Amino acid sequence: MDRFRGVLKENNIKCTKGRLSILKILEENKEAANAERIYEKCSKEGVKIDLSTVYRTLELFEKMSLIEKFDIGEGKYNYLFKEHNHKHILHCKLCDKNLEIDCPMPQVSDIIKSKTGFVLVEEEIKFSGICKDCAKINKRKEEK
């Protein structure tokens, strides 16, 4: 818990038992969790906290960039501790430019799970395409 106290202190967030528990739950989860699941885990651990407090805390953590919020449709959101994120490279086949992006798989996995119940256990992603600058040049060439 000392590690989580440090994270809160570094971000000038008041350290409460509820906030520490929410941060710990998110950090320990390998997959994103919704507010209700976090609330249930807090209750099971004996942490007295309101569901509305969980939502407010998640919004605060997102604002401070400690967690990521994923829209899984129908007004529902999942949350993921940012430490678990990794990056992917988008490579332009024409100019060889590379662009780094956050991995989109947590959002895709959550959407698949919420809509179908299917849990991904393995995925492989490779991105290549044409950057917007090259796309503009190609469009101009096609118009001539």
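This is a predicted model: local features need pLDDT of at least 70, side-chain atom pairs count only at pLDDT 80 or more; totals for chains, interfaces and linings use all residues.

Residues are numbered from 1 along each chain as its sequence is written, and side-chain values use heavy atoms, with hydrogens and water left out.

**Exercise 1. Find how helices α1 and α2 are oriented to each other, and which residues make their contact.**

Step 1: Locate helix α1 at residues 2-10 and helix α2 at residues 17-28. Helices here are DSSP runs of H or I with at least four residues, strands are runs of E with at least two, and both are numbered from the N terminus.

Step 2: The two axes come within 10 Å and cross at roughly 110°. Axes are lines fitted to C-alpha atoms, for helices over the stretch in contact, and angles run from 0 to 180 degrees between N-to-C directions.

Step 3: α1 and α2 are therefore roughly perpendicular (65 to 115 degrees; under 35 is roughly parallel, over 145 roughly antiparallel, the rest oblique).

Step 4: Arg 3, Phe 4, Arg 5, Val 7 and Leu 8 of α1 meet Arg 19, Leu 20, Leu 23, Lys 24 and Glu 27 of α2 (contact means heavy atoms within 4.5 Å).

**Exercise 2. Describe how strands β3 and β4 pair.**

Step 1: Strand β3 spans residues 87-92 and strand β4 residues 98-102.

Step 2: The strands run antiparallel, joined by five bridges (pairing requires that DSSP finds at least two bridges).

**Exercise 3. Which parts of the chain does the salt bridge of Asp 133 and Lys 97 tie together?**

Step 1: The side chains of Asp 133 and Lys 97 meet at 2.8 Å, N to O. A salt bridge is a side-chain nitrogen of Lys or Arg within 4 Å of a carboxyl oxygen of Asp or Glu.

Step 2: Asp 133 lies in helix α6 (residues 132-143) and Lys 97 in the loop between β3 and β4, so the pair ties together parts 36 residues apart in sequence.

Step 3: Asp 133 is partly exposed, at 37% relative accessible area, and Lys 97 is partly exposed at 36% (buried means under 20%, exposed over 50%, partly exposed in between, with a 1.4 Å probe and protein chains only).
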